[in-house]
Structure formats: C-alpha cells, structure tokens
Amino acid sequence: MRTETRKLAIADYKKRASVAGVFAIRCRASGEVWVGQALDLDKIRNRIWFTLRMGNHRAIELQQSWSTHGEESFALETLERIEDEELAYLRDALLKERVQHWRAQLNAAAV
C-alpha cells in the first residue's frame with residue numbers, strides 16, 4: 001500500500017463515529033447474563049475477550065464462568081445503541097439509566 005493511501009486510510013478510521021450503547025454477555029452453558037455499557041460498541045468485545053483470556057477480568061463471576069465453560073460458550077450482543085447523543089454528560093446519564101433498565105429486565109450482573 002502506498003504511503004499516501006495508508007495515511008488516508010488511517011485518517012478515515014480515526015474520523016469514524018463511535019457508537020455508544022448497552023451490551024449483554026451471555027453464557028450459553030450456564031444461562032448467566034452480564035450487562036454493561038461502552039462508548040464504542042464496535043471495540044468492546046475484543047477488549048473484554050482479551051481480559052477474559054488473560055484471566056484478569058474485574059467481574060469475578062464472569063471470569064469464573066469463562067474459566068469453567070470456555071470461550072465457545074460466550075456471546076456478546078448489542079442491546080441498545082445510542083447514536084445521536086453528542087453531549088458527553090447527557091450520553092453518560094442515558095447510558096447509566098439504560099444499563100440499569102437492562103440489568104433489571106434480564107436479571108443480569110454488571111460487567
């Protein structure tokens with residue numbers, strides 16, 4: 001790839017809009033569910049799976065379930081996307097509210 005093309009591709013990647021939202025991690029083997037929020041839903045799965053593979057995720061129950069059942073038992077799904085909120089404090093308050101809603105709805109633990 002030419003240097004100019006590469007630089008343009010990097011610049012385009014940095015300009016892309018990130019979408020905040022609420023997600024769930026489900027363990028098919030145990031039926032457990034964890035709900036969390038992310039400022040960039042496109043990147044959250046890789047971040048969480050990395051810490052789980054390393055064995056040091058901060059959600060102890062999630063880490064224990066991962067260690068017991070293995071990666072193939074887990075799936076991440078987007079529950080809700082918050083695309084249009086540009087003001088950080090409004091977005092954060094909305095995310096907090098929606099996470100609480102989904103945790104109650106799914107009887108889920110926090111991620």
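Guide: Two strands are said to pair if DSSP finds at least two bridges between them, and the strands (E, at least two residues) and helices (H or I, at least four residues) are themselves DSSP runs, numbered from the N terminus. The model is predicted, with local features needing pLDDT of at least 70 and side-chain atom pairs counting only at pLDDT 80 or more, while totals for chains, interfaces and linings use all residues. Residues are numbered from 1 along each chain as its sequence is written, and side-chain values use heavy atoms, with hydrogens and water left out.

An open sheet of 4 strands, with mixed pairing, has the order β3-β1-β2-β4, and its edge strands, each pairing on one side only, are β3 (74-82) and β4 (109-110). On one side, β1 (residues 20-27) is joined by 6 bridges to β2 (residues 33-38), the two running antiparallel; β1 is also joined to β3, again antiparallel, by 8 bridges. Within this pairing, I25 stands opposite W34 in β2, whereas R26 has a bridge partner in β2, namely V33, and another in β3, namely A75. In a regular strand, side chains alternate between the two faces of the sheet.

The hairpin of β1 and β2 has 5 residues between the strands, and there G31 takes a positive phi near 85 degrees. As for cover, β1 has 7 of its 8 residues buried, where buried means under 20% relative accessible area, exposed means over 50%, and partly exposed lies in between (1.4 Å probe, protein chains only).

Helix α3 (residues 60-69) lies across β1, β2 and β3 and runs at about 140 degrees to β3, while helix α4 (residues 88-106) lies across β1, β2, β3 and β4 and runs at about 170 degrees to β2; the axes are lines fitted to C-alpha atoms, for helices over the stretch in contact, and the angles run from 0 to 180 degrees between N-to-C directions.

Contact here means heavy atoms within 4.5 Å, and, leaving aside its neighbours within four places in sequence, S73 is in contact with R26, C27, R28 and A29. S73 counts as buried because its relative accessible area is 11%.
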